[in-house]
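I opened the model to look up a few side chains and the overall fold. My entries follow in the order in which I made them.

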Amino acid sequence: MELSPSAHADSFCRDRLPPFSLWPELHFDLPELQYPDRLNAAQRLLDDAVERWGPDRPCLLTPTERWTYGDLLRRANQVARVLTEDFGVRPGHRVLLRGPNNPWLVVTWFGVLKAGAVAVTTMPLLRASELSELSAISRPSVAVCDHRFLTELAAADVSGIPVIAYGGDGEDDLARRCADASGAFTAVDTAADDVALIAFTSGTTGRPKATLHFHRDILANADTFSRHVLKPRQDDVFTGTPPLAFTFGLGGLVVFPLHVGASTLLIEQAGPERLADLVAEHRVTVLLTAPTAYRAIMAAGAAGKLAGVRRCVSAGEALPAQVWEEFHAATGHRIIDGIGATEMLHVFISAADQDIRPGSTGRPVPGFRARIVDERGDPVPDGQPGLLAVTGPTGCRYMDDPRQSTYVRHGWNVTGDTYIRDAEGYFWYVARSDDMIVSSGYNIAGPEVEKALAVHPWVDECGVVGVPDAKRGMLVTAYVVLRKGVEAGEATVTELQNHVKQTIAPYKYPRAIEFVAELPRTTNGKLQRGELRRRAVGSAAS
């Protein structure tokens with residue numbers, strides 16, 4: 001295997017790619033996956049769109065704004081100029097992005113890629129300690145941050161890198177800088193296999209894993225799942241709840257609509273009723289969210305407001321058959337389920353329309369191959385549970401991380417999910433195979449929550465696991481041994497929950513805490529999380 005000559009002046013990312021021997025198999029079976037050697041994803045998605053459909057098509061919508069494709073292109077070019085001319089960003093430099101789903105986050109992402117730099121997407125709810133860790137791994141040259149989210153970034157150890165705020169009224173605000181910049185910029189002639197994106201995924205050891213994705217990878221997900229399963233149209237209006245820092249959100253709310261000339265409604269935050277109202281008000285036709293949100297919309301009696309939706313997509317956690325059936329009965333819509341992974345960038349198993357089997361995730365998306373294997377990597381017979389393994393045009397490339405050899409085995413990406421494949425080739429989710437907790441569409445590493453709890457002076461030791469939950473899919477549950485003299489009561493539960501919210505992203509906090517005298521451990525002292533999970537399930541059943 002050989003990479004194309006890179007356009008990156010800074011070889012940081014290429015130098016930290018795993019060795020070729022640890023890469024998964026890659027195959028480009030579909031004609032649309034035959035990309036040229038030189039490719040800039042931003043130019044393909046934006047400049048080519050304006051050339052093909054003109055500058056006046058609606059592109060980015062908010063409850064109060066409307067940007068055309070021409071607006072987005074001009075401002076992306078201005079951002080690229082500000083980054084390169086004012087801050088010295090060169091091809092290959094990393095640019096950390098922090099903010100909720102709004103047009104300036106999108107325009108900055110495009111400006112970074114046009115400049116040949118690498119976008120480092122981060123969740124806006126992350127705390128200072130988490131941002132410090134991500135910065136230490138990715139070593140950004142500059143950070144671009146929504147002005148409302150500067151506090152935690154300022155408190156983080158980000159090695160003194162310059163921070164550009166946007167959305168505020170400061171003299172140095174990105175919008176003001178862009179107003180003085182030219183709206184013309186020639187995209188850097190990057191290689192199709194130059195790194196365009198660093199996306200982080202939680203590690204079960206608590207240390208985030210940085211996944212490296214190429215320019216061609218960004219387009220490959222549009223040319224597989226979006227093109228062949230979702231089948232968007234130019235007149236579609238997309239919206240959804242996943243943050244753009246999640247690859248599910250980036251693909252579904254930016255890449256997929258722009259790939260076909262559609263528009264996308266960006267929502268910073270919305271509960272189920274508000275989401276349903278916005279869908280109706282803006283005539284949304286493609287909705288992407290987690291099973292939790294579909295449940296909540298029905299519970300709020302707002303399902304009728306989705307009458308104009310053409311496509312409902314669910315990902316981030318398993319979609320129970322009961323939720324699918326209830327939603328279909330309430331709306332007539334057939335939810336498109338799917339499983340993806342940050343390592344793969346987006347969805348690789350799914351089904352749509354009459355191909356759907358409620359309760360099943362679906363079949364391999366065109367362009368991907370999947371099978372069920374045992375721990376040795378040997379195929380498991382249909383009907384038997386095993387590990388989900390997948391290959392396709394995208395695949396896992398952890399940045400300078402020994403866990404590459406755990407995720408990629410015998411050329412296959414082994415996702416950490418236990419599945420069953422039936423005789424018709426449909427894949428049925430059974431459980432996670434590791435210590436990851438998938439709650440309301442968020443991936444939460446149990447050990448990371450344990451680490452946050454353990455530093456509280458009242459905690460002697462703790463264990464955190466996911467427990468099946470009807471509303472959230474899984475519930476983050478902590479078993480805590482308190483220090484001598486600390487009272488086990490509701491006040492202590494609240495104190496520990498608030499502590500976690502202030503230490504790491506609030507969505508990771510344990511919603512259930514049980515105080516115990518001791519934790520189950522092996523003879524060599526290793527925490528037995530499997531035993532905690534069994535204990536939790538037994539308590540729920542009784």
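**Threonine 415**

I began with a side-chain pair: threonine 415 and aspartate 417 are joined by a polar contact of 2.7 Å. I take a polar contact as a pair of N or O atoms within 3.5 Å; within protein, one must be able to donate a hydrogen and the other to accept it, and residues adjacent in sequence count only if both atoms are side-chain atoms. This is a predicted model, in which local features need pLDDT of at least 70 and side-chain atom pairs count only at pLDDT 80 or more, while totals for chains, interfaces and linings use all residues. Residues are numbered from 1 along each chain as its sequence is written, and side-chain values use heavy atoms, with hydrogens and water left out.

I placed threonine 415 in strand 19, residues 412-421. Helices (H or I, at least four residues) and strands (E, at least two) are DSSP runs, numbered from the N terminus. Threonine 415 counts as buried because its relative accessibility is 6%; buried means under 20% relative accessible area, exposed over 50%, and partly exposed in between (1.4 Å probe, protein chains only). Not counting residues up to four places away in sequence, I found threonine 415 touching Phe348, Leu388, Val390, Tyr407 and Arg432, where contact means heavy atoms within 4.5 Å.

**Lysine 508**

I then asked which glutamates meet the side chain of lysine 508 in polar contacts. Lysine 508 sits in the loop between helix 15 and strand 25. I noted that lysine 508 counts as buried, because its relative accessibility is 4%. Leaving aside neighbours within four places in sequence, its contacts include Leu126, Ile444, Val449 and Val476.

**Strands 24 and 25**

I followed the chain around that loop. Strand 24, helix 15 (residues 490-503) and strand 25 make a right-handed β-α-β unit. Right-handed means that, with the strands pointing away from the viewer, the path from the first strand over the helix to the second runs clockwise. Strand 24 (residues 473-482) and strand 25 (residues 512-515) run parallel and are joined by four bridges; pairing needs at least two bridges found by DSSP. Threonine 477 stands opposite alanine 512 of strand 25.

**Arginine 529**

I found arginine 529 in helix 16, residues 529-541. Arginine 529 is buried because its relative accessible area is 16%.

**Cysteines**

How many disulfides does the structure hold? I counted zero, taking a disulfide as a pair of cysteine sulfur atoms within 2.5 Å. For cysteine 13, the nearest cysteine sulfur is that of cysteine 396, 15 Å away. Cysteine 13 counts as buried at 1% relative accessibility, and cysteine 312 counts as buried at 2%.

**Whole protein**

The protein has 16 helices and 25 strands. Its radius of gyration is 23 Å, close to the 24 Å that the globule rule gives for 542 residues, so the protein is as compact as a globular protein of that length. The radius is taken over C-alpha atoms, and the rule is 2.2 Å times the number of residues to the power 0.38. The C-alpha trace spans about 65 × 55 × 50 Å along its principal axes. Of the 542 residues, 58% count as buried. Among contacts between residues at least 6 apart in sequence, 67% join residues at least 24 apart.
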